[in-house]
Every structure is written in C-alpha cells, then in structure tokens.
Amino acid sequence: MVFSAPVLNYTLLSPMLILLGGALIGVLVEAFMSKALRPITQLSVTLGSLVLALVQVWRIRNEQSMTAAMGSVVIDGPAVLLQASILIISIISVFLIADTEHFTALAASLPGSEEERHAMQTGSQVTEVYPLTLFAVAGMLLFPVSSDLITLFVALEMLSLPLYLMAGLSRRRRLASQESALKYFLLGAFSSAFFLFGAAFLYGYSASVTFAGIRESVVGGGGNDVFLLIGIAFLSVGLLFKVGAVPFHAWSPDVYQGSPTPVTAFMAAATKVAAFGAMLRIYYTSFANAQWSWTPMLTVIAIVTMLFGSLVAIAQRDVKRMLAYSSIAHAGFLLSGVIALNKAGLEASIFYLFAYGIATVGGFAIVTLVRDSAGEVTDLNRWKGLGKRSPWVAAAFAGFLLSFAGIPLTSGFIGKFSIFSAAYESGAKSIVIAGVLSSAIAAFFYIRVIVLMFFTDPVEDGTSVEIPSALTSITVIFSMVVTIALGVFPAPVLNFISDLATFIR
Amino acid sequence: MDAANYLYLSALLFTIGAVGVVVRRNAIVVFMCIELMLNAANLAFVTFSRINGDLNGQVIAFFTMVVAACEVVVGLAIIVTIYRSRRSASVDDASLLKR
Amino acid sequence: MTTSNSLVYLIALPLLGATILLLAGRRADKWGHILGTLMSASSFAVGLYQLSQMLGRTNEARPVTQKLFEWISVGTFNVDAGLLLDQLSICFVLLITGVGTLIHIYSISYMSHDHDRRRFFAYLNLFIAAMLLLVLGNSYLNLYVGWEGVGLASYLLIGFWNHKPAYATASKKAFVMNRIGDMGLSFAIMIAFATIGTVSFEGIKEHAHHTSTGALTAIGIMLLVAATGKSAQFPLQAWLGDAMAGPTPVSALIHAATMVTAGVYLITRSNFIFDAAPTAQLLVVIVGAITLLFGALIGTAKDDIKKALAASTMSQIGYMILGAGLGPVGYAFAIMHLLTHGFFKAGMFLGAGSVMHGMNDEVNMRKYGALRKFMPITFVTFGLGYLAILGVPPFAGFYSKDMIIETAFNAGGIKGIILGTVTLLGAGITAFYMTRVMILTFTGKSRWDDEAHPHESPLLMWLPMAILAIGSVSSGFLLSRGDALVNWLAPLFEHHGEHKELLSPIVVSGLALAMVAIGVAIAFLKYSRQEVAAVAPEDVSVFTKIARQDLMQDRFNEAVFMRPGQQLTQVLVKTDEAVIDGAVRGVGQLAMGSGSILRGLQSGFVRSYAALILVGASLLIAAIWVVTK
Amino acid sequence: MNSLTLLMFLPIIGSVAVAATPKAKETLTKQVALATTLIVAAATIAIAVGFERDNVDLQFVEKYSWIPSFGINFAVGIDGLALVLILMSTILAPIVVLAGWNEAHGGRWSVKVFYILILVLETMMIGVFAATDVFLFYVIFEAMLIPVYFLIGGYGSGERSAAAVKFLIYSLFGGLLMLASIIALYVMSGAQGGHTFDLAALSHLEMSSTTQNFLFLGFFIAFAIKAPLWPLHTWLPDAAQSATPGTSVLLLGVLDKVGTFGMIRYCLTLFPDASKTFTPMILVLAVISIVYGAFLAIGQRDLKRLIAFTSISHFGFITMGIFAMTSQGHSGATLYMFNHGFSTAALFLVGGWMISRRGSSTIADFGGLQRVTPVMAWSFFLAGMSSLALPGMSSFVSEFLVLVGTFTRYPVHSVIATFGIVLAALYILIPVQKALHGPTTPGNENLSDLNLREKIAIAPVIAIIIALGFYPSPLLKVINPASAHVIAQMGFTDPAPTNGDK
C-alpha cells in the first residue's frame with residue numbers, strides 16, 4: 001500500500017485558510033491579550049482576515065479546479081461568486097457585530113447575577129464572538145465548495161456550531177437568547193443527523209462519497225434506487241433546515257428573535273448564501289439526472305414555503321420575527337432557482353442570494369438602531385412614527401422592505417424577476433404563480449410596516465433611534481447603495497455572474 | 001450474516017433516536033438521542049463500507065465521531081448555561097420565544 | 001347649393017354677447033342688458049338680410065350652406081361644423097331672433113330690479129345662439145349640439161333664481177327629462193350612422209329611399225323620443241309645468257315660442273325619414289293627440305296663470321306634433337301653427353308677466369280679478385292672444401289650427417275620424433280654460449291681497465306685447481294668404497298623391513267654432529256667473545283633483561322611476577360597500593386570519609419543532625416513495 | 001435625437017433643484033417646481049410640433065442597452081396615442097402645482113418632499129407612456145405607485161393611510177399578475193429567437209391560444225385594476241377621497257390612464273387573438289362600469305367619492321371604445337382619455353377649493369355657493385357639464401364617438417351605455433343643486449371666491465375643455481392614424497353601413 005501525501009492547492013484554498021488562521025489568532029488574542037486592547041485587536045484581525053480572503057477570492061476568480069484538496073473541494077465560477085458574496089456580507093455584518101452593546105459581557109455568567117453586573121461595570125467585554133464569526137465564515141466558505149459528503153458534513157457543522165453559540169450571546173433578554181441557542185442547537189443537531197443518515201445512503205447507493213461519483217451512478221443507473229431516494233430525502237432535510245424551508249423552518253423565527261441582532265443579520269444573510277450554494281451545487285451536479293424524483297417534492301415545499309412565510313408574516317408583531325418569516329418566504333422563492341435546474345436558474349439564484357443577503361444585513365442594521373433605555377425595540381407597535389423622528393433611518397428601512405417586496409428599481413425586483421423567469425423556463429409554472437401570489441401577500445406586511453413608520457403618529461414611550469456608529473452607517477449606506485444600484489443598473493453584476501456561473505462537474 | 005440486517009438495525013436506531021428527541025423532555029436525554037441518530041448513521045456508513053468494499057465509509061465514521069465530540073462540547077456548554085439560568089434542563093421550560 | 005359666409009354671424013353674435021357678459025362679470029352690469037339686446041337684434045337683422053337674399057333666388061337655389069370647419073372626422077364618420085339655412089330654418093331664425101329680441105326688450109324693464117340682470121341677458125343670448133345652432137345645423141349631430149345647448153340655457157334660466165330650492169329642483173328636473181329625450185336623439189344618430197353611414201340631413205335624405213323601413217322606423221321613433229323630451233310631449237311632458245319657475249320672459253321665449261317647438265322642427269326636418277316610416281309617423285300622431293288632450297285637461301284645473309299657459313303650450317304643441325305626424329300635407333300647417341303660436345303664446349306669457357309685475361309677482365289667478373281696468377294694454381294684448389288661440393277668425397289661430405283639424409279629419413278612415421274628433425275636442429277644452437284664465441284674471445271682482453297695487457307696465461314691457469299682439473292678429477292671415485307658407489316650404493317636402501277630403505274646410509271651421517263656443521260658454525257659466533273663491537275649493541270632483549295634480553304625471557314618474565331608482569342606488573351603494581369591497585376586504589382578512597392560525601404552529605416548544613421536522617422528513621420519504629412507484 | 005429621454009429626465013432634474021432649495025423658503029420651492037413643470041410642458045409641446053402625424057411608426061425612437069443579459073433596453077418612442085397622453089400629463093402637471101399651491105401644508109412631511117414626489121412622478125408619467133420595452137414599462141408602472149402612495153398617505157386627509165395601502169396593495173396585486181405574464185413572454189421570446197422585451201418583437205411571438213388567454217388576463221387584470229373597471233374599482237373612491245385634489249388629478253387623470261393605455265398598447269398588440277376572445281366579457285364589464293359607476297356616483301354623499309365614481313363610469317366608456325374595435329370607438333376612447341384628464345382635473349381642483357374653504361367634503365355641507373362665490377361655482381358647473389358630456393364640451397366629442405363606434409358593432413352595449421348619459425345628468429346636477437343652488441347654508445356666508453392664482457390655474461383647463469369641444473381636429477388628426485393602425489393590425493375593418501339590410 002502506497003501512502004501518498006495529500007496534494008493541496010493552497011492558493012485556491014487560501015480564503016478558507018486565511019479565515020481559519022485569523023480565527024486561531026483570535027482565540028489566542030482572547031486568551032492572552034489585555035482586556036482593554038482586545039476589542040480593537042479582534043475587530044482588526046477579523047476584518048483583516050475577511051478582506052484578505054476576499055482579495056484572494058478575487059484573485060482566483062478565473063480558476064477552475066476539481067482537485068484543490070484531493071477532490072474534496074471544487075473551485076469554479078459559482079464557488080467564487082458564492083464565497084465572495086459570503087465574504088462581503090460577513091464584512092458588513094462584522095461592522096454590526098463590532099457594536100458591543102449587543103453582546104453580553106460574559107456569556108458564562110448567570111443572567112442577572114453579580115458576576116454579570118461586575119463584568120458590565122468594569123467594561124470587561126469578552127470578545128469571543130469574533131473568532132466564532134471567523135470559524136463560521138470559514139465553514140460557510142467551505143460549504144458550497146465541498147465536493148464530497150465528508151467535507152460537506154464537516155463544513156455544515158463548522159458553520160453551525162459557532163452560530164449556535166453566537167445565538168446565545170445577547171446582552172438583553174438573555175434567557176430568550178440562551179433559549180434560542182438551545183433551540184438552534186438541538187434542532188440543528190437533529191437535522192444534521194438526518195443529513196448524515198442521508199449521506200450514508202447516498203454512499204451506499206453509489207459506493208462513492210464524491211459528488212462526481214454520485215453523479216456518475218445517477219447517470220449510469222444500476223444502483224439501488226431506494227438508497228438514492230432515501231439519501232436525497234434525508235440529505236435534503238438537513239439542507240432545507242439550514243435554508244429555513246417549511247416544515248423545517250420552525251427554528252428560524254425563534255432564533256432570529258432571540259439572537260443578538262447583528263448575529264441575526266449575519267446568520268440570516270450569510271447562512272442562506274452558504275446553504276443555498278451547497279444545495280445548488282449538489283442538486284445541479286449530483287442529483288441533476290434524478291430530477292424526476294425530487295422536483296415534485298421541492299416544488300411543493302417551495303410553494304408551501306412561500307405562502308406560509310408570507311401568510312404568517314402578516315400576523316407578526318415583532319420586527320425580527322417578521323423578517324424571519326419574510327426570510328422563510330424568500331427561501332421559497334430561492335428554491336425555485338434550485339428547481340429551475342438551468343444556467344439561468346443558477347445565475348438568478350446567485351444574484352438573488354447576494355441581493356437578498358445585502359438587503360437583509362441592511363434591514364437588521366436598522367433594527368439595531370431603534371432602541372429605548374432597555375435596548376432594542378423590536379415591537380412593531382413601537383415603531384410608529386419612526387419616519388417622523390428619523391426620516392432617513394425610516395426611509396432606508398422602507399427601501400429594504402421594498403426590495404424584499406420586489407418593487408422595481410430595487411435589487412429584490414431584479415432577483416425575483418430573474419429567478420421566476422428561470423423557473424418558468426424550466427416549466428415550473430406553478431411556482432411562478434405561487435410566487436406571484438405570495439409576493440402579493442408579502443407586499444401587505446412590508447407595506448404595513450411602512451405605514452407604521454410613516455403614516456402613523458409617534459407614541460411617546462421612549463423609543464428613539466440611536467445615532468448610528470460609523471461602522472453601522474457604513475453597513476446601512478453600503479447596503480442601500482447596493483440595493484438600489486442592483487435594481488437600477490444591475491447589468492455589470494449580472495454579466496459578471498453570467499460569465500462565471502457554470503458548475504464544473 | 002446479511003449486511004442488510006445492519007441497515008435495518010441502523011434504521012431502527014435512527015428511528016428510536018428521532019422519536020426520543022420528540023418525546024423526551026430533558027435536554028441531555030434529547031441530546032443523547034441525537035447522538036444515537038448520529039451513531040445509527042455511522043453504523044450505516046460502516047455497513048455500506050462493507051457492502052461497497054471500500055474504506056470511505058469507515059473514514060467518515062471517524063469524522064462523524066470527531067464532529068459529534070465537537071457537538072457535545074458546544075451542546076453541553078449551551079445546556080449547562082441554560083440549566084444554570086433556569087435551574088431546569090427541561091426543553092419544555094424554554095419556550096419564551098413563540099408565535 | 002348656394003354657399004354663404006354670413007350664416008355664422010347669426011349664431012356668433014348672440015354667442016359673443018353671452019361670452020362677453022359672462023366673462024365681464026359685474027363690470028358689465030350697467031350696459032349688459034343693452035349689449036344683449038343689441039346682439040339679439042343684430043342677429044335678427046342678419047336673419048332679415050338672409051331672408052331678403054333668399055327671396056331673390058329661385059326655389060332650388062334658396063337653401064344656403066356654410067362650412068365652418070371640420071368638426072369630427074374619424075374613419076367614415078365625418079361631421080363638419082356646417083350650417084344650412086333653407087326655407088324651413090329661416091322661419092325659425094326669424095321667429096327666434098324676432099320674438100327673442102322683443103323679449104330682450106321686455107326683460108330690460110321686467111328684470112330691472114334684479115341685480116343679476118346682466119347674467120339673465122347672458123343666458124338669453126346663450127339661448128338664442130344655441131337655438132339658432134339647433135335650427136341651422138346641417139346634420140343631426142350639429143343639431144344635437146344646439147339641442148343640448150338650449151337644454152342648458154333652459155336649465156340656467158329656469159334655475160335663474162335657484163336660491164329657491166323648488167326652482168333649483170325644477171331646473172334639474174327639466175334638464176334630466178330633456179336628457180332622456182336627448183338619449184333618443186343619440187340613438188337616432190347612431191342608428192343613422194350604422195345603417196346609412198352618414199348623419200347629415202342631406203346625406204340621409206339622399207339614401208333614405210333605399211334604406212329599409214325597419215331602420216327608418218327605428219330612427220323615426222328615436223327622433224320622436226327626442227321630440228317628446230324637448231317639446232314636453234307625452235310621456236316626457238312633466239317638466240314643463242315646473243319650468244315656469246323661470247322668470248316670465250323665459251317662459252314666453254323658451255317655454256312657449258321657441259325651444260319647446262324644437263320637437264316640431266325636428267320631425268318636420270326629418271320629413272324624409274317619417275315619410276318612409278309609417279309606423280313612426282303613426283306614433284307621432286298618437287303622441288300629439290294624447291298630449292293635446294293631456295295638456296288641455298291640465299289647463300282646465302290650474303290656478304297658477306303661468307302653469308295654465310304652460311299646459312296650454314303643451315297642448316298646442318300637441319297640435320303641431322300631430323300635424324307634423326300627418327306627413328307632407330301636415331308639415332306646413334304644423335309650422336304655421338308653430339309660428340302663430342309663437343306670437344300669441346309669447347304675447348300671452350308676456351301679458352301674464354305684466355300682470356305679475358303689477359301684482360307683486362302673484363301667480364294665483366284666484367287672487368286676481370278685475371284687472372281689466374288697471375291694466376288696459378295688457379288686457380287688450382292678452383285678449384288678442386286669447387282670440388288667436390281660440391281660433392276665432394280672423395285671428396292667427398284660426399288659420400293654423402283649423403288647417404290642422406282639417407288635415408286630421410282628412411287623414412283617412414277611422415284614424416282621420418279619431419284624430420279629427422280629438423283635435424276638435426281639444427279646441428273646445430282650450431276655449432274653456434283660456435276663457436277661464438281671461439275671466440279669472442281680468443273680469444269679475446278683485447280678489448287681491450291687501451298689499452297689491454295693480455298698475456300698467458311701462459313702455460318697454462307693453463311695446464313688445466303690442467307687437468306680438470299684432471302678430472297674433474295678422475300672422476295667420478299673412479302666412480296663409482295664397483298658401484304663402486305652404487308654397488314657401490313646399491320644395492323641402494316630397495309630395496304624395498292627392499288627399500281626399502272627408503269634410504270640407506267650411507264644415508271643419510264650423511265645427512271648430514261650435515266647439516269653441518261651447519267651451520267659452522261653459523267657462524262663462526262656471527266662472528262669470530258664480531263667485532270665484534280666492535282659495536281653491538277642496539270639495540271638487542275627482543277629475544279636478546287629478547287634473548290639478550297634472551294628471552298624476554309626477555306621481556307616476558316618482559313611483560315608477562324615481563323611487564325605484566333611488567332605492568336601486570341605495571342598494572348598489574350598500575352592495576358596493578358590503579359585497580364588492582367586502583370581498584376584497586374578505587380576501588385580506590382571509591390572508592390575515594390564516595396567518596394568525598398558522599402562527600399557532602409556532603408553539604415555542606422545541607420538541608414540537610422537532611416533531612415537525614420528523615413529520616416533514618416522513619412526508620418527504622412518503623412523497624418520494626409515491627413518485628418512485 | 002434624444003429628446004424623449006431629455007424630456008423624461010427634465011422633471012427629475014427639477015426635483016434635484018427643488019431639493020436644493022432652502023427649507024425655510026417654501027415659496028421658492030413651489031416656484032422652482034412650477035417652473036420645472038412649465039418647462040416640461042413647453043418641451044412636450046415642442047415635441048408635439050415636431051411629430052409627424054400621418055406616420056404610424058413610432059417616432060422619436062431611442063434605444064439604449066440597459067440589462068443586456070436579459071435583453072432589456074431602455075427603449076422609448078411615441079406614436080399618436082402616447083403623444084396625446086404625454087401631452088395631457090405634462091400640461092396637467094403645472095396646473096396641478098399651481099392649483100394646489102397650499103396642498104402640501106397639511107402633510108406629514110415638508111413642502112419640499114411633496115414637490116419632489118410630484119416631479120419624480122412626472123418623470124414616470126412620461127416614461128410609462130413612452131416606453132417601448134415591456135420591461136421598462138413594467139418597471140415604471142410599478143415604481144409609479146410609490147410616489148403616489150406617499151402622496152396619498154403623506155399629504156391626504158381622513159383615512160389617508162388606509163386608502164394609500166388599499167391603493168398600493170390592489171395595484172401591486174395587479175402588477176404581479178402582469179409580472180407573471182411578462183416572465184412568460186420573456187421565456188417564450190428566449191425560445192423563439194433570443195430573449196427580448198421589445199414590444200414589436202414580442203408581438204410576433206407564437207403561442208397557443210390557451211397560453212395567450214392566460215397571459216392576456218395577466219396584463220388585462222392589472223390594467224383593469226388601474227383603469228378601475230368594475231368590479232376591481234373599490235380602491236379608487238377611497239384613494240380619491242383621501243388624496244389631495246392635485247394628487248387625485250394625477251391619480252385619476254394620468255395614472256389610471258395607464259390602464260386604458262396599456263389595454264391598447266399591450267393587450268391588443270401582444271395578444272390580438274385573446275383580446276378577441278375576451279372582448280364580449282370585457283364589453284359587459286365596461287357597460288356595467290358605466291351604469292354602475294353612475295348609480296354609485298348618484299348615491300354618494302362625499303364630493304370626492306362622487307367624482308371618483310363618475311370616473312369609474314367614464315373609464316367604462318373608454319374601455320368599451322377600445323374593445324369595440326372600430327376606428328370611431330378607438331379614436332373616441334383615446335380622445336376620451338385626454339378629455340377625461342381635463343374634465344376630472346377641473347372637477348377635482350374646483351371641488352378641492354370648495355372643500356378646503358368649507359373644511360368638509362360632504363356635499364350637504366355646501367349650499368348656495370353660487371351667490372357667495374360665483375366664479376368658483378361657475379367653474380364647478382362647467383367642470384360638471386364637461387363631465388356629463390354636454391355638447392360643446394370636449395368630452396362630448398369623445399363620448400359620442402365611443403358610443404357611435406360601439407353601436408356599429410355592438411348596438412346593445414352601446415344602447416345600454418347611452419342610458420349612462422341620463423344618469424350623468426343626475427350625478428352632476430344633484431351635487432350642483434345641493435352645493436351651488438338653494439339658500440346659502442349657515443357657515444358658507446363668508447367663503448371667499450377664487451383668487452387670481454386659482455383663476456389662472458383653472459382657466460386653461462376650462463379653455464381646453466371648451467376649445468376641444470368645438471375643434472377637436474388637431475388631436476383627432478394625431479390620434480386617428482394610430483387608432484387606424486391598431487385596428488388594422490387586429491384585422492378589423494369598420495362595419496359598413498347596413499342600409500338596414502335592404
């Protein structure tokens with residue numbers, strides 16, 4: 001037996017490696033650096049690694065390789081696009097995370113304990129959230145570029161585990177925050193068990209763990225179809241859980257609400273990109289030829305998800321929960337890109353993911369600004385008259401909502417148009433109709449929020465809008481600019497995506 | 001012995017685990033049920049490894065164990081924190097966030 | 001055909017007057033009435049000039065046209081703003097501008113105390129312009145503009161004192177009922193375009209002989225509907241009585257002499273249609289017959305002098321419509337009666353105005369009496385008009401009305417007998433109620449209110465009355481001498497074979513005079529021999545009660561159209577709110593409701609979430625199983 | 001030549017100028033806005049002068065690549081139909097600004113925002129009629145909702161936010177249905193020779209009749225909501241009741257025309273066969289709208305709602321004329337769109353002045369205005385006469401053309417619709433009687449008559465109404481070729497005179 005050393009293409013893997021390196025440095029900083037210097041150091045390290053990784057992604061944008069890590073990782077156009085999207089979203093999310101106001105000073109302390117109070121008074125903020133973020137981003141980068149089941153599973157856990165912890169770091173309403181961490185963790189682990197079980201059956205079906213191997217078996221036929229189908233079904237459970245599709249969505253409203261808002265922003269935007277990226281890759285490459293078996297199932301899920309998300313969002317009274325249900329509805333829209341199974345669908349999905357991710361971070365960034373003495377105010381009734389008090393903040397939020405609603409001249413419209421036309425092209429007319437219907441329903445609650453902000457008189461209950469920090473401002477402004485720019489003049493980005501978006505198999 | 005029987009066993013274990021998650025209240029027990037599901041998956045991997053005649057499945061099983069260990073670390077941390085805050089490890093008590 | 005560039009001045013002058021007076025506002029208060037009168041008079045002068053020109057040409061060359069500009073042109077639908085002055089329209093032009101000018105003059109004095117006199121003259125000028133357009137338009141669509149234009153002027157003038165709610169309602173009623181008639185005109189035009197492909201008089205006349213009777217009948221009936229609206233004929237007659245809300249000169253000009261006769265003009269103008277559509281013609285006759293009795297009967301019970309005269313107008317126009325419905329032999333007589341009626345009825349209305357002027361605007365004849373001594377000129381002019389309407393020879397009505405009665409008898413067969421009888425009966429009733437008006441107003445004892453100080457009207461008022469009285473006396477003779485009018489109009493109408501005479505003219509005249517005598521006698525017995533109550537007695541016959549209520553016309557309209565219409569409106573308003581908007585809101589509530597229900601799935605318990613995942617996974621397996629099988 | 005694009009962006013440039021004015025100087029803000037709209041109106045007239053009216057092709061055509069990967073162009077061009085509607089919009093704009101000089105003061109936001117919204121809206125109004133790219137049209141069609149939404153919700157009165165939401169949701173719903181159809185067109189164009197949104201190219205797509213029917217409905221429902229056709233009309237009375245008069249003018253006068261414009265430009269052009277299939281149904285809806293709108297108008301107690309319902313009736317006429325498929329009906333409908341813009345403007349503006357003076361929009365609160373405020377009363381009366389299509393007013397020409405054009409092919413519909421003219425007399429004369437006639441009701445004695453600014457604003461409207469009533473030829477000459485072109489494309493010819501089948 002010849003034991004050959006693994007050959008790794010470090011250039012292609014560098015974005016992930018940089019992040020992991022940064023994360024490790026962060027851990028060391030957390031352990032050894034003096035408390036006073038920690039926040040700024042952590043922030044610099046984190047941003048530095050993210051920017052560096054982004055630069056690396058840019059440099060490898062025209063590379064294509066199946067063998068970056070012995071066949072476990074594939075770097076191609078979509079990989080670059082998705083990684084770049086994740087990194088950009090992460091960077092602007094980190095700007096939000098940098099506002100320590102949202103995070104508990106000492107996660108290990110009991111809520112309301114003397115210990116916690118002491119930590120707060122002395123300003124000794126622990127900053128573990130930065131390395132956790134980097135680990136999660138590294139996992140997210142790996143998730144859509146994995147090309148075998150092991151890597152995929154590891155990446156899934158790598159992105160999930162830090163997020164479980166981050167969900168529990170909120171400074172206010174700590175019990176709820178911890179509860180959201182617990183829920184996220186238990187359900188996440190539960191779904192990853194399904195994922196793993198499905199992976200086992202795929203391995204059993206094809207005798208291979210690589211996507212290419214599975215694809216060959218599907219194309220060639222001959223394997224035990226039952227294994228394939230169980231595999232696809234259970235693997236899908238894990239993926240659909242991550243994207244928040246009905247009926248695997250239940251965690252997201254609770255977790256979105258309980259988590260510190262910057263984490264929610266990061267999680268909502270970046271996780272969606274990563275999970276859909278992985279989903280697109282595996283469905284477009286490995287499962288493409290078994291289309292007959294999963295298209296009906298995904299179609300039904302997509303339709304149910306769109307309608308469910310839109311309908312329940314109407315009944316929400318909390319802005320974060322509303323955005324969570326909105327994100328469920330958007331998962332439904334995005335699923336139509338998976339179902340489309342054509343190049344247009346892939347391009348549209350990537351554009352949609354990027355546009356939606358940016359707008360989502362922007363939207364949650366606004367949520368972080370609306371506060372009273374006890375922290376963020378997420379009760380929608382207390383957002384009344386926001387447009388009067390802070391017209392610009394309210395206008396920006398309205399802009400993001402309009403983008404979510406898919407109103408023309410925002411990025412959301414281009415995304416919706418492109419993804420629905422891709423789905424229609426593939427013959428999934430029912431999805432288009434359901435999509436249109438649920439968009440109409442969804443418009444209702446987006447507009448209701450606009451009404452609350454602009455057309456309702458303010459209530460005097462101490463709700464006010466924080467003057468945004470420089471970093472938060474950058475996030476909001478950047479998101480707004482991108483949202484509008486992609487709506488008015490999307491051609492460069494669409495062309496860029498179009499040039500790159502082809503999976504190599 | 002027919003390798004398929006191991007698959008049935010694996011499926012049974014998985015089902016037991018899944019049902020356990022739904023019916024048990026204690027967070028630790030719920031978590032153990034999940035571990036049971038992971039191990040059912042491991043069993044399936046190993047069985048398929050045997051059926052397919054390669055080592056990939058067994059390798060994955062090792063990976064899974066490592067990952068499961070990581071999960072334990074994170075999971076226990078969360079559960080312990082919750083327990084300390086609430087003096088209860090019942091998952092039903094943690095239901096502040098709803099609707 | 002002769003063309004002219006000056007026809008437009010007929011219309012343009014009064015229209016200019018109206019525009020100046022309306023735009024100038026209060027600045028024109030001092031001289032507005034003079035300008036208005038001048039404009040009307042100059043239009044009359046243009047009319048006279050046109051007549052003189054026309055007289056100088058041969059029959060065939062008499063019609064004059066003027067194309068102003070292309071009005072509407074889409075595809076094959078081409079309508080020019082074009083005018084046509086022929087033997088028929090010149091009669092109307094002179095009547096409108098002539099009587100119109102007299103009434104302008106009258107109004108200078110009559111309205112002198114009204115601080116809105118300028119506005120009144122503006123409306124009068126507007127009316128003159130619209131009425132001239134009505135009779136001068138060379139197509140049905142041009143006529144339609146004038147048709148609705150006079151409706152507007154009538155609306156404005158009836159509602160001139162619209163701060164009184166009843167007057168405002170009267171004007172609205174007139175407009176709406178006229179619009180029903182106008183709708184008929186619209187239909188006629190549409191049918192004409194769809195079947196014949198043109199809406200001009202000339203074009204339709206040219207094509208009428210190879211157009212189906214069905215289409216022509218339809219057009220004819222619709223034109224009749226239009227005529228009933230504008231001319232207050234049955235069944236659209238109900239507005240005329242209320243229209244007396246307008247200042248009396250208006251009643252004289254619009255609701256007696258000119259506008260209400262537009263229906264007669266329309267039917268006469270459309271002779272080429274009616275001649276080829278016997279059914280429509282028959283309907284015209286029937287409408288005329290019904291209305292002449294209807295109006296006459298109402299007239300017998302009215303105590304309001306203007307309303308009595310209005311009922312008389314309705315009845316007299318019934319004669320004209322009937323005449324026009326009798327075909328080529330009747331057109332000229334209808335027009336002749338129209339012209340003579342224009343004189344005597346306008347004169348009587350002005351007389352009524354003069355009486356009111358002297359009696360503090362009192363209109364109730366039961367509060368008049370013995371005014372002969374106080375208003376001699378009014379009495380004489382009114383009396384001449386009275387004689388004219390009765391048809392006493394040699395006054396104007398004798399010539400025109402008798403010709404219609406005679407033509408009616410000669411219509412042939414049972415139709416002729418019925419029509420002749422009806423017209424005779426009408427003459428008798430007319431004699432009765434007109435005598436009643438005379439007696440109640442001018443003779444007997446005074447039944448005035450205390451503050452009444454009757455006096456004769458000033459020159460500017462009695463002069464027009466006098467001139468009109470001269471017309472009442474002489475016009476019939478002049479127009480019928482040597483069949484002047486008949487021959488004048490003859491080139492316009494097609495001639496059918498000889499009509500056989502059922503009764504000789506002498507007999508008809510005799511019968512008519514006998515009927516008149518009976519009517520006068522009854523009235524004399526009833527009102528001159530007995531004391532007239534100053535307050536209308538309540539213990540009267542059912543017939544009188546019904547006649548006082550205009551033969552239930554308003555009750556009928558209210559019960560059959562207005563109330564159901566109002567109820568329908570209310571139902572629709574509620575339906576819109578509850579059903580249609582309700583459905584919309586229902587969809588919204590359905591969405592919100594299902595959202596709230598589905599929201600319940602989010603119980604907050606992690607185990608239920610896990611169960612959901614488990615169920616989902618099972619469903620996926622099941623679904624895939626189904627797909628595979 | 002890029003005159004259309006320039007015209008389109010002129011108002012936007014003006015809005016930048018408005019934004020640059022200091023907040024304290026509200027009059028300056030208004031003056032800048034007024035100047036901008038006047039310049040735009042003048043520029044439109046200049047374009048109209050250069051328009052070759054016998055040329056049925058699109059003119060002033062411009063095309064710039066916008067989103068090449070979807071085959072989307074920024075493509076504009078006008079024919080007679082578009083020109084007439086753009087003219088109407090840009091002439092109405094300065095009138096609205098001048099008439100509603102103080103409208104912005106009761107709003108939630110500053111005067112500046114009001115005029116910025118108005119000017120942005122004007123850009124979109126021009127663009128929506130000029131667009132020849134379906135995607136561009138859709139984008140503007142939907143984006144237009146936003147400024148109107150804020151204009152109603154921010155500067156309106158009463159239940160303004162509810163009305164604004166209802167308006168927006170209704171319109172969005174329709175728009176989304178249209179989006180589905182547009183997506184289908186886009187995909188089909190891809191399968192038949194490359195993705196495109198070019199209107200001319202899309203009109204040549206091959207598709208099954210079922211597909212065509214569904215896609216037609218997607219477009220038509222969107223337009224039927226916009227134009228409000230019964231039974232999709234219920235948003236309009238609420239919106240009109242709450243919006244400021246100026247906004248209502250733009251909403252009913254211009255925005256709703258996008259619906260009827262769209263029926264001609266998109267429904268008929270893209271789906272000729274489906275249009276024919278649905279014509280019977282649409283004509284019935286149109287006739288119902290005419291009669292129903294009129295009855296509802298009669299039954300209203302609120303002046304603004306009343307005007308809104310009259311418009312529903314009028315839009316029934318327009319729709320009927322469009323689908324009658326005769327040159328008279330079609331040209332009449334187009335002319336009707338133009339005329340309705342001005343007659344509704346007159347009603348709303350004068351009605352708005354009455355309401356703002358009296359502080360109430362309930363008709364019963366007025367009374368005897370003719371004696372107190374004669375000029376205002378006259379203006380309202382003339383506007384009403386125009387609304388009931390009195391001959392001599394511009395709306396008569398168009399209404400009659402629609403009726404006569406419909407009659408030649410669908411006599412029954414036309415006959416029923418004609419009853420609308422009697423109802424029109426009622427719905428105008430009832431408020432005229434209640435508000436202008438009768439004794440002056442207490443509280444109205446001291447109302448002031450129109451001031452000079454208001455007179456200047458209303459005078460051109462009334463002048464246009466009357467002038468076009470007597471001399472509509474200049475417009476008809478522009479409209480006729482465009483209408484004839486559409487009719488011919490649809491394969492229709494005017495019915496020949498039947499001579500009663502003899």
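I looked up T3(C) and found T65(C) of β2(C) opposite it. The model is predicted; local features need pLDDT of at least 70, side-chain atom pairs count only at pLDDT 80 or more, and totals for chains, interfaces and linings use all residues. Residues are numbered from 1 along each chain as its sequence is written, while chains are lettered from A and ligands numbered from 1 in the order in which they are written.

**Strands of chain C**

I checked the strands next. β1(C) covers residues 2-3 and β2(C) covers residues 64-74; they pair in the parallel sense over 2 bridges. Two strands pair if DSSP finds at least two bridges between them. Strands are DSSP runs of E, at least two residues; helices are runs of H or I, at least four; both are numbered from the N terminus.

I moved on to β3(C), residues 77-85. β2(C) and β3(C) run antiparallel and are joined by 9 bridges. I picked one bridge: I72(C) partners V79(C) in β3(C). β2(C) and β3(C) form a hairpin with 2 residues between them. In that turn, G75(C) has a positive phi of about 55 degrees.

**Chain C as a whole**

I counted 24 helices and 3 strands in chain C. Its C-alpha atoms fill a box of roughly 110 × 65 × 60 Å along the principal axes. Of the 629 residues, 59% are buried (20 or more other C-beta atoms lie within 10 Å of the residue's own, with C-beta atoms placed from the backbone).

**Where chains meet**

Which chains share the most contacts? Of the 5 pairs of chains in contact, C and D do. Two residues are in contact if their C-beta atoms, placed from the backbone, lie within 7 Å. Here 48 residues of chain D are in contact with 48 residues of chain C. On the chain D side, α18(D) gives the largest share, 11 residues. By class, I noted 25 nonpolar, 19 polar and 4 charged residues on that side. Nonpolar means Ala, Val, Leu, Ile, Met, Phe, Trp, Tyr, Cys and Pro; charged means Asp, Glu, Lys and Arg; the others, Gly among them, are polar.

**Helix α18(D)**

I followed α18(D) along residues 411-436. Its 26 residues reach 37 Å from first C-alpha to last, close to the 38 Å expected at 1.5 Å a residue (1.5 Å times one less than the number of residues). I found a kink of about 25 degrees centred on V422(D). The bend is the angle between axes fitted to the seven residues ending there and the seven starting there. After the helix comes G438(D), with a positive phi near 75 degrees.

Terms used. Buried ≥ 20, exposed ≤ 12 C-beta atoms within 10 Å, placed from the backbone.
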